[in-house]
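Trainee: Please take a close look at one part of this model for me. I would like the salt bridges and what surrounds them.

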Amino acid sequence: MTDFEIEWNRMINGEIYNAVNPEFFKKLEITRLKLWEFNNLKPSQTQKQAEILHTLFGSHGTNMRINQPFRCDFGCNIFIGNNFFANFNLTILDEGKVSIGDNVFIGPNVNIFTACHPIDPAERNTGVEWSEPVTIGNNVWIGGGATILPGITIGNNVVIGAGSVVTKNISGNSVAAGNPARIIKHLTPGNNCHDTVEPC
């Protein structure tokens with residue numbers, strides 16, 4: 001294995017790695033060129049948009065729609081299920097694996113982060129980092145402006161309120177909101193479909 005392959009594997013496995021290895025910047029540039037093309041296509045060029053996203057992600061299911069602009073770091077560490085919709089300005093920092101289930105709706109200006117940096121400034125300035133994966137279950141709705149922090153798991157059938165900062169895992173069949181996000185309501189699937197949830 002090359003030095004870069006060793007560092008890449010450390011990144012994926014959540015170990016401390018050297019993020020200033022020049023090969024990381026080369027991979028980031030490749031992704032950003034794809035995103036530049038995607039984000040500058042005409043809205044009517046949906047087939048070309050889909051082709052670019054297909055080459056970008058680790059995997060994705062059927063019926064995927066991502067509104068421009070969209071940004072990510074590598075793309076290949078993002079795995080998306082069926083029936084996925086993301087509104088404008090979704091940002092995913094996918095140094096770690098980001099797994100998204102089926103029937104997930106994401107509002108505008110949502111951030112999903114896996115990249116972690118040392119608190120100590122001297123250590124941080126050396127360029128070392130690590131990653132923590134994010135997992136989002138099935139039938140999840142993430143409201144606009146929400147931020148999902150590294151290492152978070154969101155269960156099935158969850159609503160995350162607009163503007164929330166998710167700092168801890170959110171169990172399934174619930175509504176969570178706030179900064180930091182907390183569960184404000186438990187759901188019984190099929191019996192809460194017409195409820196109004198604030199703030200969403």
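Mentor: K48 and E37 form a salt bridge, with the closest N and O atoms 3.8 Å apart. A salt bridge here is a side-chain nitrogen of Lys or Arg within 4 Å of a carboxyl oxygen of Asp or Glu. The pair links distant parts of the chain: K48 sits in helix α3 (residues 46-56), E37 in helix α2, 11 residues apart. Helices are DSSP runs of H or I, at least four residues, and strands are runs of E, at least two, numbered from the N terminus. K48 is partly exposed at 32% relative accessible area. E37 is partly exposed too, at 33%. Buried means under 20%, exposed over 50%, partly exposed in between, with a 1.4 Å probe and protein chains only.

A caution on the source: this is a predicted model, where local features need pLDDT of at least 70, side-chain atom pairs count only at pLDDT 80 or more, and totals for chains, interfaces and linings use all residues. Residues are numbered from 1 along each chain as its sequence is written, and side-chain values use heavy atoms, leaving out hydrogens and water.

The structure holds four salt bridges. Another one joins R32 to D73, closest N and O atoms 4.0 Å apart. R32 lies in helix α2, D73 in the loop between β3 (70-72) and β4 (78-80), 41 residues apart. R32 is partly exposed at 49%, whereas D73 is buried at 11%.

K26 pairs with E23 at 3.2 Å between the closest N and O atoms. They are three residues apart in helix α2, so about one helical turn separates them. K26 is partly exposed at 48%, and E23 at 31%.
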